[in-house]
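Please look over the contact between the two chains.

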Amino acid sequence: MRDKKKIKITFIYLICILLAGATLFPIYWMVIVSMRSKLELFTGPKLYQTSIFVNNYYRPLFKDIYGKFLINSLIIATGNTGLVIFLAIFATYAFSRFKIWGSESLFFWTITNRMAPPAAFILPFFLIFTKIKLIDTHIGLILLYCIFNLPFAIWLLKGMIDAIPKELDEVASIDGCSMLGTLWHIILPVAKPGLAVTAMMTWIFSWNEYLFASVLTSMNARTITTGLAEFVTVIGTNWGEMAAVSVVCLLPAVIFLGYIQRYIITGLTFGAVKE
Amino acid sequence: MRTSQYKAWGLLAPTLVILFFIGLVPFLYVIYLSLFKYNIWSVRGMVFAGVDNFRKLMFDSSFMHSLGIGLTFVVITCSIETLLGLVIAIFLTNEFVGKGVFRTILTLPLAIAPITIGSIWVLMTNPDIGPLPYILHKFGIDYNIGVNAKQAFFTVVFMDIWHWTPFVTLTLLAGLTSFPKEPFEAAKVDGANKWQTLRYITLPLLTPVILTMLFIRVMDTFRIFDEVWMLTGGGPGTATRFVSIDVVRRVLVSTDYGYGSSMSVFLLYLTIVMCWLLLNIISITRKEVHER
């Protein structure tokens with residue numbers, strides 16, 4: 001019996017290592033490439049690296065324009081997250097605590113907003129943004145990213161605010177708390193962890209967005225993902241630098257991973273599947 | 001009761017205003033544009049064309065081709081991801097030390113920017129420096145996704161499977177661990193073997209979760225853009241030119257705004273119909289499972 005168990009455990013770990021390896025290897029390879037100079041890259045694929053060629057990171061970020069793109073991405077992602085969370089708190093409270101006429105169709109509308117292919121929206125946005133002079137501005141992208149982040153934040157937060165007992169609100173209102181007062185003093189403190197996770201995921205989605213940013217910005221508000229996509233050029237790509245910028249793009253995901261991993265499935269499935 | 005409705009709408013107002021301007025206005029505008037012949041390089045400017053664009057669209061073999069490969073892509077990736085994800089999820093119901101670390105590793109691809117995923121696979125498949133061509137060359141296979149259409153298509157399939165199988169796995173695992181214990185204990189008492197338990201208890205209970213997951217996967221795969229754009233740019237030829245890429249090329253490269261709009265409208269129409277259908281199917285199966 002013990003032998004059988006031992007075999008089973010070995011088998012489990014074998015599969016785990018295999019799957020983890022398959023998942024991690026491409027990412028590992030990118031990190032390795034980002035540490036190599038051009039000369040090292042063309043001597044054939046080696047699986048390990050002992051030295052780091054810092055210039056791959058230094059030149060694009062400090063000598064080239066990528067530092068600015070990085071700051072743009074930070075501004076846009078943070079601005080969008082702030083706006084989305086602010087709006088979503090009120091909207092979610094309304095959805096969670098009031099019986100709203102038509103909330104079913106609102107749900108459907110926000111879902112389709114989230115699922116719509118961005119490619120179908122680039123032309124109207126391009127023309128409208130040109131007309132009202134929002135092209136190549138931070139504020140333009142900050143507003144635009146609400147299209148997918150706001151529905152997402154509302155439906156993720158709704159599950160969390162629904163879980164707060166309504167009796168708390170009632171006690172507060174008996175004590176003479178106004179509606180906004182209740183929201184501020186009662187709901188927000190309880191919902192803080194949920195808000196933090198929602199904010200992180202919203203932030204990552206803004207950071208990750210590419211298509212809208214590439215069409216609606218040219219220089220001033222260009223984001224890092226857009227810069228990364230422009231690395232592949234006709235005259236020959238500097239693979240080391242491209243890998244380095246990719247690693248920079250990847251960092252926020254890694255930093256936030258520990259916090260969001262418990263909620264990521266709830267978030268990506270609109271709260272339909274809870275972990 | 002009246003005042004509470006006012007309060008609710010007051011709370012919702014800012015959200016609705018924003019979603020109106022960035023969701024509804026562009027939507028109506030693109031429908032409007034789709035009724036015109038409009039290319040910025042044309043001297044005639046905007047010319048009203050009625051439904052001409054849509055008539056042309058229905059007989060446009062290149063658009064139908066991109067729809068076709070798009071659907072093929074959806075069917076192949078989603079079925080492989082579901083099967084693979086289901087097997088791994090069932091495997092992960094075993095308890096073992098280090099499971100948390102393994103789950104964290106699986107979560108990683110889900111948080112990475114799609115454009116970075118594309119760049120990761122550019123580095124993996126590049127004929128000069130990538131390990132994949134190097135290894136395949138040892139087996140006598142010439143691997144170059146810049147030239148070989150079939151290889152390009154299946155590399156994109158492989159990339160999508162690599163990217164999204166963890167999502168399927170973790171979603172189904174969340175479903176599997178949320179089940180009530182009674183039916184499984186009853187099955188054990190009745191002497192059902194593992195396969196029978198899986199077939200007659202686990203899978204039926206899991207159906208709503210599988211459908212929800214499939215809904216999200218189908219919609220996301222159908223509109224895939226970033227990764228493919230980065231990896232192949234839709235090429236070689238039209239081998240990986242999925243609908244999103246086709247629309248973007250039509251609008252940005254050919255600047256054919258009127259025709260591009262009609263493609264967009266058609267895509268949005270498909271999206272709405274698919275959302276409506278799939279959400280209805282999900283809510284019906286949910287009810288059925290609850291009634292049992």
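The contact takes 73 residues from chain A and 73 residues from chain B; two residues are in contact if their C-beta atoms, placed from the backbone, lie within 7 Å. This is a predicted model: local features need pLDDT of at least 70, side-chain atom pairs count only at pLDDT 80 or more, and totals for chains, interfaces and linings use all residues. Residues are numbered from 1 along each chain as its sequence is written, while chains are lettered from A and ligands numbered from 1 in the order in which they are written.

**Interface, chain B side**
- Helix 1 (residues 2-33) of chain B gives the largest share of the side touching chain A, 15 residues.
- Helices (H or I, at least four residues) and strands (E, at least two) are DSSP runs, numbered from the N terminus.
- By class, this side of chain B has 52 nonpolar, 16 polar and five charged residues.
- Ala, Val, Leu, Ile, Met, Phe, Trp, Tyr, Cys and Pro count as nonpolar, Asp, Glu, Lys and Arg as charged, and the others, Gly among them, as polar.

**Helix pair**
- A:A253, A:F256, A:L257 and A:I260 in helix 13 of chain A meet B:T104, B:T107, B:L108 and B:A111 in helix 4 of chain B.
- By class, that contact has six nonpolar, two polar and no charged residues.

**Chain B**
- Chain B has twelve helices and two strands.
- Its elements run α-β-β-α-α-α-α-α-α-α-α-α-α-α from the N terminus on.
- The C-alpha atoms of chain B fill a box of roughly 80 × 75 × 35 Å, taken along the principal axes.
- Among contacts in chain B between residues at least 6 apart in sequence, 72% join residues at least 24 apart.
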